[in-house]
Amino acid sequence: MEVVTADGVYRVINETSYPDLFWAMRGGGGYAYAVMLSVTVKAYPPLPTTLYLFSFNTTARSQTYWNMAAAFHSHIPSLSEGGAMGYYYIIPNDTTETNSSIAGKLSGIFLFPQNTLAAANVIMDPVVHQLENSLPSQEDNVAVSTTAVHLTDFTTFWLSNPPESVGEDGRLGSYLLTNDSLLGNVTTLAKTLEFVTPPGQYTIGHIVAGPGVRNARIPGGSNAVLPAWRRAYVHIVLPRIWPFLNATAKESLTTVLRDAEIPALKALEPHSGAYVNEADPTNPIWKYDYWGGGSLNIDFVTVTSRVPGPGETLTAKSLHVNAGGKGANQAVACGKASFISEDEQDIDIDMVGAVGKGDPYYASLMKPSLEKSGVNCGLIREIKDSQTGTATILVEDNGENRILVVPGANHDAMRDAKLLQGLATRQRQPTVLVMQGEIPRQTVLDILVLFSSTDTHIVFNPAPVYPEGVPLDSLRHVDFLIVNENECAMLGREVSETLSPDGGSKDDLSDSELAALSQDFHNKANIEHVIVTLGSRGVFFHSRGRKADIVRALKVDKVADTTAAGDTFVGYFAAFLARYIAVHGSSKDFDLKGALNKANAAAALSPANSWALTVPAPYVLLVTITRSRQMNSIPFAAHWAMHKLFEWFDKEPTLRVAVITGEGKKAFCAGQDLIELAMRGNGSNAGGEGASPTATFGLPEALRGIYAGAGGLPRLLRNTSLPIANEIALTGRFLNANEALQFQLINKVSKTQDSVVDEAVALASKCAAISPDAIIVSRSAIREAWETASIERAYQLSDERWKDALFTGENTREGLLAFAEKRKPNWKPSKL
């Protein structure tokens, strides 16, 4: 292209000269970036094409029609893979047709480039056969009309068509569908198509993607921003046309499109998106969601050696003012669990709550804290003449706490359950709803009933337990009940005949008592899953029809605050549940024990606030050090806590590879015993082997009058050489990323600063895809050789330790069998 940019400079741009500008001009509407003088376009030879016109007709808006539409869509992936492209119209009642038995029309035009008439007919025959003869529960006849024409040149045909009309007063809704919805539940697909095509409206479908798009290698790079294009087979468009200048009709149609019809497609296909040029500009972000409905407090946390007795005054150790409230705490935990990269979440977390209007703590502390953790604050209302809720928390040295709560706006503005339900569903139906006991009791009971008839999964954490309890009729709407022992005993009086109706709390329930109580919750309250946190004993869980079990606690040297641990547990668990439902469509076969293991680890390790745990890819654990203000340095006690973390990681069967990164823009980790000081935010390494282009490495201890302990100096010598190790250690000089790569301190430099975590996770995913047994043995053998400096001795030790267990294990048999059968192996958790 020849262009003139805003600075008046003439430029020739292509994929090597000003490639970013070239990319934008190709796909972003050229005149927004520069004035185009000329463009050189590659010419193609004539393209022979088979044109295939079709119309399938049956009774208007009948069940047969919607079954026909769903069945048609189930064939689109195979049509697309066969080379079909084109569009079609879903017209459930063609008002121009006088015969109602054929007024339900699904018609369109498909193109089969470089295919003969015979080939096009072979590809379309299965569609025609099913729609004409074998629809499920077919009550009406289907009339089929098809015409195929071979064209010697598609361009000549296209230019012969008259231009389309423009200037209608309307709006479009857009959504992309993949295999997940097209080949999933046909009944659900039929109902969704019927819902988004109400009387008087029609729907347009386009076949998109397929192998041509998916396998494209475009010079200069693709100009498609939305990854969903690479997976989609159908682009659904919902045209909504209103009379010219009719503002009332415009508002009505837009509201239904935005708040009902697009969310219905979104529920069908949670992981997709929309074509921006044909999308509703008022539509919210397309991601599946999590609603953290509950309290918002300002927490005044006082740390003390012990709680004072009556009339006693003690000097406390410290006072911290934090954003809190169980709802907010759990939403923050879920937000942290939702990040799959530095700035990308795969879960939406909406906090529904209320604060005092003009409260300085909300603007300066609470809202930034929520948003930083990935929580949307758009549904938090600021209430005039009400104060933000407060909690005074006394935390003792042993980690136990006492809490005094002033509800404030949490009660004043949280009494209208229908209003809160409307806020929560204004953009889309939530996947998971988490409820606590810090908002009015009647509100909680009403919300449980209101959401019981939806597909939303309810996680209920009734803390604190209301003195009046929770009636059975309300408990029956709960899918996952999460309580501690005290709460289990207090709530259990609603279902158990063995607990005293007026007795106090209980914090030492036996395994048999827990099993009996959970069975009562199943039988009398119809709760599917009962989860009881047991502190240092772990987590008890029991699902209906299955054997009760316990997830053992992750041992840590010291718990900083059991409040934070409990809320972190609930938030992480809700995130894992929401992610599973979004992928599989329901909670059926949800790995409850695996999710509890991960949530339990996050809860045990979170109070120190030294790191956050996420699972960005299958079998990959991402550990983000969250002390950016302290250059992500690790305090002494946290070293041992991280040791415990990786002991748990080694034993967790659902995890195989770990990636460590750091929060912020200043440092990966500034101490204390790490070799590298990577002066780059969120710099990541897998075993100290990757860095961003802006990273620097060094051992600056000698500049501070100390030396690099904890093995830093001998490891530096092993990785480099004596002259290089001396230079780094004795001068305190920092190496840039390329120097570190040259001296073999790292094995890769990421493409950009911002891609380092994604590239590390991608590398970890490749490692995680191999046999978990092979990972353990190979890594051990390499480390053995590195530590002993003797190839023969390292081989001998590795062979003696691993050979028999590896070659008699089920993963070795599976790997060899999969190789022989030319299929992907199905690895089992390692038993080595």
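Which residue lies over the face of phenylalanine 576? Lysine 598 does, at 5.8 Å from the ring centre. A charge counts as over a ring if NZ of Lys or CZ of Arg is within 6 Å of the ring centre and within 35 degrees of the ring normal. Arginine 656 also lies over a ring face, that of tyrosine 619, at 3.7 Å from the ring centre.

A word on the source. This is a predicted model, where local features need pLDDT of at least 70, side-chain atom pairs count only at pLDDT 80 or more, and totals for chains, interfaces and linings use all residues. Residues are numbered from 1 along each chain as its sequence is written, and side-chain values use heavy atoms, with hydrogens and water left out.

Now the aromatic pairs. Rings of Phe, Tyr and Trp (its six-membered ring) pair if their centres lie within 6.5 Å; planes under 30 degrees apart are stacked, over 60 edge-to-face, and the rest tilted. The whole structure has 17 such pairs. Take tyrosine 89 and tyrosine 202: their ring centres are 6.2 Å apart and their planes stand at 45°, so this pair is tilted. Tyrosine 89 sits in strand β5 (residues 85-91), and tyrosine 202 in the loop between α7 (186-195) and β9 (203-207), so the pair ties together parts 113 residues apart in sequence. Helices (H or I, at least four residues) and strands (E, at least two) are DSSP runs, numbered from the N terminus.

Next, phenylalanine 573 and phenylalanine 590. Their centres are 6.0 Å apart and their planes at 70°, so the pair is edge-to-face. Phenylalanine 573 is in helix α18 (residues 562-584), while phenylalanine 590 is in the loop between α18 and α19 (592-605). How accessible is phenylalanine 573? Its relative accessible area is 0%, so it is buried. Buried means under 20% relative accessible area, exposed over 50%, partly exposed in between (1.4 Å probe, protein chains only). Phenylalanine 590 is buried too, at 10%.

There is also a cluster: ring pairs link Phe54, Phe56, Phe72, Tyr88 and Phe110.

Last stop, helix α27. This helix covers residues 810-821. Asn811, Thr812, Glu814 and Ala818 are its buried residues. Down the axis of α27, they fall within an arc of 165°, so they line one face of the helix. That arc is taken from the directions from the helix axis to the C-beta atoms. The face turned away carries the exposed Arg813, Leu816 and Ala820. Just after α27, lysine 822 takes a positive phi of about 55°.

Technical notes:
The expected span of a helix is 1.5 Å times one less than its number of residues.
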